[in-house]
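The sequence and structure are shown first.

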Amino acid sequence: MERWVYPTTGLKQEDLEEARVCMTRAPLRGEYAWDAGVAVGRFLAELKAGRLVGRRCRVCRRVMVPPRMFCEQCFRPTDEWVPLQDTGTVLTFSVCTVAWDMRRLEVPEVPAVIAIDGASPGMGILHKLGEVGRTVDEILDRVHIGLRVQAVWKPPRRREGAITDILYFRPVGA
Amino acid sequence: MRRLNTEVAIVGAGWSGFRSISPDLSFREMMFEAATKAYTDAGIDPRRDLDGLVTAEEDFHEGIAISDEYVPDQMGAVLRSVHTIAGDGLQALAAGVMQIAAGAARIVAVESHSKASNVLNLDQITALAMDPVFQRPLEVHPVFIAGLELRRYLEVTRTPIEHVARVVVKNRRNALRNPRAAFPADLSLEDVLDSEPLAEPLTRAMAAAPADGCVVFVLARGDVARTLTDRPVWIRGLGWATDSYTLENRDWEGARYLRQAAERAYRQAGIRSPRRAFDLVEVDDTFAYKELQHLEALGLCRPGEAGWWTAEGATEVGGELPVNPSGGCLGEGHLLDASGLARLLEAVLQLREEAGPRQVPNARTALVASWRGLPTTTGAVAVLSREP
Ligand SMILES: [Zn+2]
C-alpha cells in the first residue's frame, strides 16, 4: 500500500481562519418563482381549503394525483376534476435518521408514498407520517406497507396553499 | 463531416408563446401545448410513433437540478429514449439528426423552452457562468462583455453605431407582422441610440429582452418523412463549435465559433458560395451588433460590410437577403436555451410558405445560426432546404 501514499500537506481549519492560504468565496444565489399553472395552481388552492383533488383521463380512466392537465400515457388533455378523500394507504416508506443537511435526527422522519383514496391505484402523495413513534424500532413496529392513514391538516387560518398545509399523515384510528 | 448519409427532414413544428410573462401555464403545460401542435402538424401519435426525445435545457434556468428528468410526461415520451443537451436548441437538433442518421431512431422530437420570467435574478444566474476566481469577484454585470465586444467590433470594422441601431429598428419592425413576437415596436434610430445606456456603447434597446416560450420539432428519416408530409423541410447541413472561452484572451472580433460551425455546415450541404445560396437568414441577434458580426462570420458578406448592407436595406424582408424576418431575438424575445429553435421555427415556416404577412416570396433555402449567449463562445448553424 506504500506506493499509494503521496507526500501532501493537509489544510487545517485555522489555516483558513488565519488567512495562511488564499481563498475565494463564490456564493451561489438562485431565486425562482415557478408558475404553478392550471393543474398545480388548482391543487394548491384546494389544499388551502383543506381538500385533495385529482384529474381524470376519460380514455385510460385513471384519476391522477397530483393532478396534471395532460395524460402522460395517452398523450391527451385530461378531462375533469375529481374530489378525493384525505385518507389513503402506505405504498412504501422509509425511516430517515438524518436531516436534509446530514444532521443526525433525535426523532427520525418517516417519508412515505400514500396512495390516496379516490385516485387510481399507485397514484399518491409523497408526505411524512406522524404519531408513529420516536425511535426506529417503535416506528417499524407501527408502520407497514398497506397501513391506512389520514391527513392531519394545519388550522385553516395558517394554511397558505402549499403541500405543508398537510402537517403529516397519521394511522387511521390512532 | 461529409454529406449526411441519411436524409433527415423536419415534418412537424409547434410552439407556445412567446410572451414576456406566462403565469397561466406551468412549464409542463407550456411544453404540452407546443408538443401537441407539433405532433398534430406532423400527423403522428407520439405514444405509437415517437422513438426518442432530445431537449436543450440548463438547470440554472429551470431552478431544478437534473431538470431533464422532468420532461418526458408532457412530451409523450415516457419510457422512450430521452437525451438532454446543455446548450442551445440547435445543438439539440444536431443530436436528434445524429440519432436518426445513426439508425437509432426513425422519428425524434426536439424541444427547448424558456421560463425566463420565473428566474427572479436572471442577471446573477448569467454571472454564475463567469470564472469564480478571476471575474466574479469584480462584481460587474455580465452585459459588460457585450460592451467590450461591441467596442472592438465598431473599431475594427469601422462600423458606425447607427448601423447597429438600424438592426434594432428593422427587427422590432419585422416583429410587428409576427404574432409570436413578444416585443414588436416601431422605433426610430434615435429611440435606440438614446435608450438607457447599459454597457457603453451598448444601449438597452440593443439588447434582446428575455421571454417565455417553448418550441418543438418532429424530425423523421427521409423515407418516413415522405409518407408523413408533402412539405418536409430538409436538413442539408449542420455544424457547431466552441471557441476558447477566456475573457482575457479570446477572439473579440470575428465570432470564430460561428465561422467554424458554418464552414462545417456548408461543406456538408455542398455550398461553396454562401452569399448566393440562401433566400433568407435567421441569425442570433441577442445584442444588435451580434447580427452584423454573425452575418460576417457566416461568410454572407465581408468583415465590416454587414452594417452598410443593413443601412442600405439589403437585409429587410423585401431586400436582397432578408435577415430575421421573424424579428429575431430583439423582436420575438430571447428564449434562453430555446433561442436557436425560435430562429429555426421561422425558417421552417418560411420554407413551408406559412409565414403569413412576412412571407419571403419563393423561399427555397434558409440559413439558421445560433449563439449560446453570454458569456459563451458557442454557436451552431443549420442549412435548410425544400429539396432533399
Ligand atoms: Zn389517459
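## Largest cavity

The largest cavity has a volume of about 50 Å³. In this predicted model, local features need pLDDT of at least 70 and side-chain atom pairs count only at pLDDT 80 or more, while totals for chains, interfaces and linings use all residues. Residues are numbered from 1 along each chain as its sequence is written, chains are lettered from A and ligands numbered from 1 in the order in which they are written, and side-chain values use heavy atoms, with hydrogens and water left out. A cavity is a set of points, on a 1 Å grid over the protein atoms alone, where a 1.4 Å probe fits but cannot get out; grid points are joined across faces, edges and corners, and a volume is the space filled by probe spheres set on the points. The structure holds 3 cavities of 30 Å³ or more.

Residues lining the largest cavity include B:I145, B:A146, B:E149, B:R250, B:Y257 and B:W371; a lining residue has an atom within 4 Å of a point. Both α6 (144-157) and α11 (288-297) of chain B supply at least two lining residues each, and α6(B) provides the largest share, 3 residues. Helices (H or I, at least four residues) and strands (E, at least two) are DSSP runs, numbered from the N terminus. By class, this lining has 6 nonpolar, 2 polar and 3 charged residues. Here Ala, Val, Leu, Ile, Met, Phe, Trp, Tyr, Cys and Pro count as nonpolar, Asp, Glu, Lys and Arg as charged, and the others, Gly among them, as polar.

## Pockets

A pocket is an open set of grid points with protein on both sides within 12 Å along at least five of seven lines. The largest pocket holds about 1300 Å³ of space. Of its 47 lining residues, B:L122, B:T126, B:G373, B:L374 and B:P375 lie nearest its centre. In chain B, α3 and α5 each supply at least two residues of this lining, with α5(B) giving the most, 4 residues. The lining comprises 25 nonpolar, 12 polar and 10 charged residues.

The second largest pocket has a volume of about 840 Å³. It is lined by 30 residues, and those closest to its centre are A:V40, A:P66, B:F27, B:R28 and B:Y70. Two or more residues come from each of α2 (37-48) and β10 (124-128) of chain A and α1 and α3 of chain B. The largest share, 4 residues, belongs to α2(A).

## Interface of chain B and chain A

The contact (heavy atoms within 4.5 Å) takes 36 residues from chain B and 23 residues from chain A. The two chains bury about 2300 Å² between them, 60% of it on carbon and sulfur atoms; buried area is the accessible area (1.4 Å probe) lost on being put together, summed over both parts. In chain B, B:E29, B:F32 and B:N118 lose the most area to chain A, together 25% of what that side buries.

There is 1 salt bridge between the chains, a term for a side-chain nitrogen of Lys or Arg within 4 Å of a carboxyl oxygen of Asp or Glu. The side chains of A:D35 and B:K115 meet in a salt bridge at 2.8 Å, N to O. On the side of chain B that touches chain A, two or more residues come from each of α1 (27-42), α2 (46-49), α3 (59-62) and α5 (122-127). The most, 6 residues, come from α1(B). By class, that side has 17 nonpolar, 11 polar and 8 charged residues.
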